[in-house]
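Hello,

As promised, I am passing the structure on to you. Please have it open while you read, and my notes on what turned up follow below.

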Amino acid sequence: MTSARKWGLSSTPSPTSQARHVLTQSATNTLPTLLSGPILRRVAADRVLLWLATSRPVELTLKLKASGQPEQIIICNEQMRRCLPVGRDAFLQLLDIAPPTPLPLDTLVEYDLTWSDDGAQRSLSAELDYLCHAGKARPSFVIASHNRKLLHGSCRKPHFDAADGLVRADSWLGERLDDPTQRPSWLLMSGDQIYADDVAGPMLVAIHRLIERLGLFDEQLTGATVADSEALYRSEQTYYHREALLPDVRSNAALRERFFGGVKKPVFTTAHAHNHLITFAEVIAMYLLVWSPQCWGLVTGETPAMDPDWTAVYQREQRIVEQFVQGLPDVARLLCHVPSLMIFDDHDITDDWNLTAEWERTAYGHPFSRRIIGNALLGYLLCQAWGNAPDAVSAPLGALEAVLTVAAESGRLESAAQDDCIGQVLSFHRWSFDLPGDPGLVVLDTRTRRWRSEDHPARPSGLMDWEALTDMQQKLLDRRSVVIVSPAPMFGVKLIEAIQRLFTLTGNPLLVDAENWMAHRGAAQVMLNIFRHTRTPGNYVILSGDVHYSFVYDVRIRQRARGPHIWQITSSGLKNSFPRGLLDWFDRLNRWLYSPRSPLNWLTKRRAMQVTPRDPDQASAGERLWNGSGIGLVSLDSQGRPLSIIQLDTSGKDVAFPPPPEHRRAG
């Protein structure tokens with residue numbers, strides 16, 4: 001592995017875009033054709049989606065070999081392959097393949113990609129052999145006939161000092177590779193796939209080296225103290241001091257404090273915005289580096305000059321990031337074997353994204369912060385949303401493609417066109433999506449369709465407004481069972497929600513990330529009414545993340561024997577966890593203060609619900625909250641009810657959440 005000490009930019013000013021193009025022409029041929037991926041996205045008998053990044057707009061051939069069937073060889077023509085430039089030597093592609101012969105369900109399907117490179121035939125399995133498990137010649141996947149076996153997780157921070165839950169999932173999969181019935185139907189990634197707002201110094205150095213190596217597009221920066229991306233990258237404030245790059249005007253004081261200031265959060269955590277991603281190129285490079293071991297081989301160079309006050313932090317982060325990089329071959333292997341669906345949460349864009357109406361007015365009211373948020377959302381569109389539902393995002397994707405096509409001629413995004421494209425993506429409200437099947441999957445956007453508090457703009461907005469909740473209900477009507485993916489738990493820990501409410505009442509919701517379904521009266525009431533509606537499903541499974549600990553609740557409606565059965569299943573984080581001592585205290589206090597007979601239960605908005613926690617079987621002292629990096633695994637029966645709920649902990653433990661004892665009364 002490349003030493004982390006070599007990840008960086010030279011401390012001398014970087015050349016202009018045109019000069020960079022000349023200087024690196026000779027190096028272009030040394031780039032690998034495949035930079036990242038393939039990542040398996042939507043799969044069905046008649047449709048296969050593969051996302052990948054390449055160093056040139058290469059034509060690909062897909063080979064599919066299902067057990068017991070002849071091999072299908074598909075030349076990916078322009079109708080099957082959409083290729084978008086993001087730099088001089090960087091192209092994002094989505095292969096949308098309709099196999100000539102429908103693929104069988106619940107059957108192993110091996111696949112390979114081939115292409116021509118300087119006249120020689122190359123293949124995925126030969127060039128990137130780490131994508132194949134031991135003893136296997138090709139990657140493979142299974143198209144499940146149901147949605148009843150699900151991996152799910154969120155919150156994967158590269159510089160958090162813990163193992164990677166995706167590496168654990170790959171190890172688990174490798175032990176069951178040949179049994180189609182053991183393969184997960186989907187990998188559901190429920191938020192914070194990247195941390196755009198909390199970036200380690202070594203990671204930002206690697207991002208800048210990759211930008212230079214691939215010639216990712218430059219851009220102008222309006223409203224900042226630096227004129228453009230080149231000036232940003234060579235600024236003395238670019239590492240650990242990015243808050244200093246904001247315009248120093250009185251009207252932007254609130255923005256500096258809340259959006260970039262690393263606001264202290266004494267109850268839960270501390271926000272670190274010192275290396276916040278700013279440019280479109282930085283966002284794209286971040287995605288490539290969190291998914292691809294290939295790209296880390298391209299970021300050699302000397303470590304740049306660093307503020308001495310941050311040297312110890314940089315060295316500590318460097319050690320953790322090195323360990324993260326060592327696991328990336330396993331991560332890439334998992335992502336090319338299991339179809340994945342993804343939805344954003346706040347850190348994919350920025351901490352506290354759209355938390356309050358006041359935050360929105362401040363953040364979107366300045367061109368620089370609007371650009372930062374918009375660039376992160378454009379990155380989400382290309383690297384996540386595109387593979388979820390390509391048809392649904394065709395309008396904003398078409399607008400972005402037009403901007404990128406023009407930029408390919410000059411190496412720079414045209415500023416007015418970029419801002420116009422960002423305006424379109426900020427006003428786009430079709431990020432949520434659903435899948436048919438048994439049970440149906442409904443994946444919620446809880447970030448862009450907020451129920452804003454107009455009378456009290458500093459108070460938390462509801463996670464979904466009335467119209468969005470009505471749309472959700474329409475997707476649920478007359479279904480027998482459904483799996484809802486909600487980035488934040490619909491039924492969370494009562495004590496922590498009470499603390500968040502206390503800070504909200506004192507006018508400080510930003511200090512504690514007061515983002516839960518119960519924080520807004522209107523949204524909470526409508527959501528609970530949906531569960532009580534007679535035509536909505538009898539069995540709900542809610543999969544969530546966000547909170548950096550894992551738990552399971554069985555939920556029923558009080559005094560209704562025939563009401564719906566609800567299971568709140570939370571897995572977080574993939575590579576993150578809660579401060580251990582603090583969570584232990586919260587867990588104990590929550591059990592004491594909200595015991596079944598506690599009158600405090602009747603002060604909560606969900607008092608009409610009976611909530612029974614499940615105890616993790618690996619808990620040592622009665623804990624109900626499991627604190628550790630890992631990934632969730634849920635198996636459902638034919639009625640959509642959980643057969644098993646397991647947290648695959650990165651320590652190697654399989655932490656089960658068995659049903660609660662019949663005698664336990666819920667609060």
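Two strands count as paired if DSSP finds at least two bridges between them. The strands themselves are DSSP runs of E with at least two residues, helices are runs of H or I with at least four residues, and both are numbered from the N terminus.

Before the findings, a word on the source. This is a predicted model, in which local features need pLDDT of at least 70 and side-chain atom pairs count only at pLDDT 80 or more, while totals for chains, interfaces and linings use all residues. Residues are numbered from 1 along each chain as its sequence is written, and side-chain values use heavy atoms, with hydrogens and water left out.

If you want a spot to look at, I631 stands opposite L648 in β23.

Another open sheet is made of four strands in the order β1-β2-β6-β5, with antiparallel pairing. Its edge strands, β1 (34-44) and β5 (81-87), each pair on one side only, and the twist averages 15° from one strand to the next. Seven bridges hold the antiparallel pair of β2 (residues 47-54) and β6 (residues 90-97), where A53 stands opposite L92 in β6.

Next comes strand β20 (residues 565-570). Why is β20 largely enclosed by the rest of the structure? Five of its six residues are buried, where buried means under 20% relative accessible area, exposed over 50% and partly exposed in between (1.4 Å probe, protein chains only). Strand β18 (residues 539-544) pairs with β20 in the parallel sense over six bridges, and H565 in β20 is the bridge partner of N539. Strand β19 (residues 551-557) runs antiparallel to β20 and is joined to it by five bridges, with V552 opposite I569 in β20.

Now for the aromatic side chains. The structure holds 15 aromatic pairs; rings of Phe, Tyr and Trp (its six-membered ring) pair if their centres lie within 6.5 Å, and planes under 30 degrees apart count as stacked, over 60 as edge-to-face and the rest as tilted. F344 and W353 form an edge-to-face pair, 5.1 Å centre to centre with 80° between the planes. F344 is buried at 0% relative accessible area, and W353 is buried at 1%. F551 and Y553 form a tilted pair, 4.8 Å centre to centre with 45° between the planes. Here F551 is buried at 1% and Y553 at 7%. Ring pairs also link F344, W353, Y380, F428 and W431 into a cluster.

Last, a look at D170 in helix α3 (residues 165-174). D170 is buried, with a relative accessible area of 2%. Leaving aside neighbours within four places in sequence, D170 is in contact (heavy atoms within 4.5 Å) with H133, D330, R333 and L334.

Best wishes

Methods
Axes fitted to C-alpha atoms, helices over the stretch in contact; angles between N-to-C directions.
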